[in-house]
Amino acid sequence: MTEAVRLMSHPPFITPYSSPTSAPPVDKSLSSPDITDPFSSPDHTYTYSTNGIDTFPSPSAYKTRQYSWIHIFPEGRVHQHPQKMMRYFKWGIARLILEPDECPDIVPMWIEGNDQIMHESRQWPRFVPRVNKRCGVWFGDNVGGDGSIIFNELRRKWRELVEEDEKKEGRGFAMGVLSDGLKYGKEAVALREECTRQIRGAVLAVRRKRGLPDEDPKQGLVETWRQEGGKREGKMEDGSWVGRT
């Protein structure tokens, strides 16, 4: 998530409280990365870890990837519902809107038909896509960017929380890095919930434009999907099929 936030921002990602380190000169050509040896670079922002042990070159360390386009599947799982209902959206999408240095453009999309090509219940040969099926993609208008009143207001409130927490901690936070207060604090959680709700509403508008009836509002709540119990994959009680992404 930290890397995703940084891909939608402009470096440097160190904070005013940090001691800047020397970095190799930037090669702006498209044929060469901006970093020659990320593993021995003095700047820790050139690498990232998934578990605190492994190390990988940071996608955000490349200048040509600044303000990248990121395609998000906010349900975080394969979800194939007979009435084309959506699961609840993961709160991580809110971080990608609240935390970058500028409000990103947000283009809601509705994708339909993948379940016909690769349904979770398909038998052997399971790895082979089914042919002669129909699928489609519908696009909504950009609801983000500088002109978005709703998302920029949410971002303003988020920045206030960050500033308060930085004063409390006595230090600044690097881009995409959160304190416990910003992860679990009541106000921070409420902001992420509202931001996610707004995103879901934008996708539902595209779904409605495609000609599908409105969902039951309860479909967007985490509590609704807890009824699935401990089962995480396969056919659920509501007739939907769930699988890993």
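Tutor: Start with contact: two residues are in contact when they have heavy atoms within 4.5 Å. Among the contacts in the protein with a separation of 6 or more, 67% are between residues 24 or more positions apart. Keep in mind that this is a predicted model.

Student: What is the secondary structure of the protein made of?

Tutor: It comes to seven helices and seven strands. Along the sequence the pattern reads α-β-β-β-α-β-α-β-α-α-α-α-β-β.

Student: How much of the protein counts as buried?

Tutor: Of the 245 residues, 38% count as buried. The protein exposes about 15,200 Å², and carbon and sulfur atoms supply 53% of that area.

Student: Why is E112 called buried?

Tutor: Buried means under 20% relative accessible area. E112 has 13%, so E112 is buried. This residue lies in strand β4, residues 109–112.

Student: What does E112 touch, leaving aside its neighbours within four places in sequence?

Tutor: E112 is in contact with K84, R134, C135, G136, W138, R210 and L212. Its side chain also makes a polar contact with the side chain of W110, at 2.9 Å. The limit for a polar contact is 3.5 Å between N or O atoms, and 2.9 Å is within it.

Student: Which residues of β4 are on the covered face, and which are on the uncovered one?

Tutor: W110 and E112 make up the covered face, while M109 and I111 make up the uncovered one.

Student: How do you know that β4 is paired with β5?

Tutor: Two strands pair if there are at least two bridges between them. β4 and β5 (residues 136–139) have four bridges, so they pair, and the sense is antiparallel. In one of these positions, M109 has F139 in β5 as its bridge partner.

Student: What makes β6 and β7 a pair?

Tutor: Two bridges join β6 to β7 (residues 241–243). The rule asks for at least two, so the pair qualifies. The two strands run antiparallel, and K235 stands opposite W241 in β7.

Student: What makes β3 and β6 edge strands?

Tutor: Three strands form an open sheet in the order β3-β7-β6, with antiparallel pairing. β3 (78–80) and β6 (234–235) each pair on one side only, and they are the edge strands.

Student: Why is F73 called exposed?

Tutor: Exposed means over 50% relative accessible area. F73 has 55%, so F73 is exposed. It lies in the loop between β2 (56–57) and β3. F73 also belongs to a nonpolar surface patch with I111, V137 and F139, and the four have about 390 Å² of accessible area together.

Student: How do you know that Y184 is exposed?

Tutor: Its relative accessibility is 61%, and the cut-off is over 50%, so Y184 counts as exposed. Y184 is in helix α5, residues 180–184. Not counting residues up to four places away in sequence, Y184 touches V189 and R192.

Student: What makes R95 and E99 a salt bridge?

Tutor: Side chains of opposite charge can pair when their charged atoms come close. A salt bridge needs the nitrogen and the carboxyl oxygen within 4 Å. For R95 and E99 the N to O distance is 2.5 Å, so the pair passes. By this rule the count comes to eight salt bridges.

Student: Are R95 and E99 buried or exposed?

Tutor: R95 is at 16% and E99 is at 11%. The cut-off is under 20%, so both count as buried.

Student: Where do R197 and E194 lie, and how far apart are their closest N and O atoms?

Tutor: Both lie in helix α6 (residues 186–209), three residues apart, about one turn of the helix. R197 is exposed at 52%, whereas E194 is partly exposed at 26%.

Student: What does the salt bridge between E215 and R200 tie together?

Tutor: The closest N and O atoms of E215 and R200 are 2.8 Å apart. E215 lies in the loop between α6 and α7 (222–225) and R200 lies in helix α6, so the pair ties together parts 15 residues apart in sequence. Both E215 and R200 are buried. Elsewhere, salt bridges that share partners join E153, R156 and E160 into one network.

Key
Residues are numbered from 1 along each chain as its sequence is written. This is a predicted model: local features need pLDDT of at least 70, side-chain atom pairs count only at pLDDT 80 or more; totals for chains, interfaces and linings use all residues. Side-chain values use heavy atoms; hydrogens and water are left out. Buried means under 20% relative accessible area, exposed over 50%, partly exposed in between (1.4 Å probe, protein chains only). A polar contact is a pair of N or O atoms within 3.5 Å; within protein, one must be able to donate a hydrogen and the other to accept it, and residues adjacent in sequence count only if both atoms are side-chain atoms. Patches are made of residues with over 30% relative accessible area and no salt bridge: like charges are joined within 9 Å, nonpolar side chains (Val, Leu, Ile, Met, Phe, Trp, Tyr) within 5 Å. Accessible areas come from the Shrake-Rupley method with a 1.4 Å probe; for residues, only the protein chains shown count as cover. A salt bridge is a side-chain nitrogen of Lys or Arg within 4 Å of a carboxyl oxygen of Asp or Glu.
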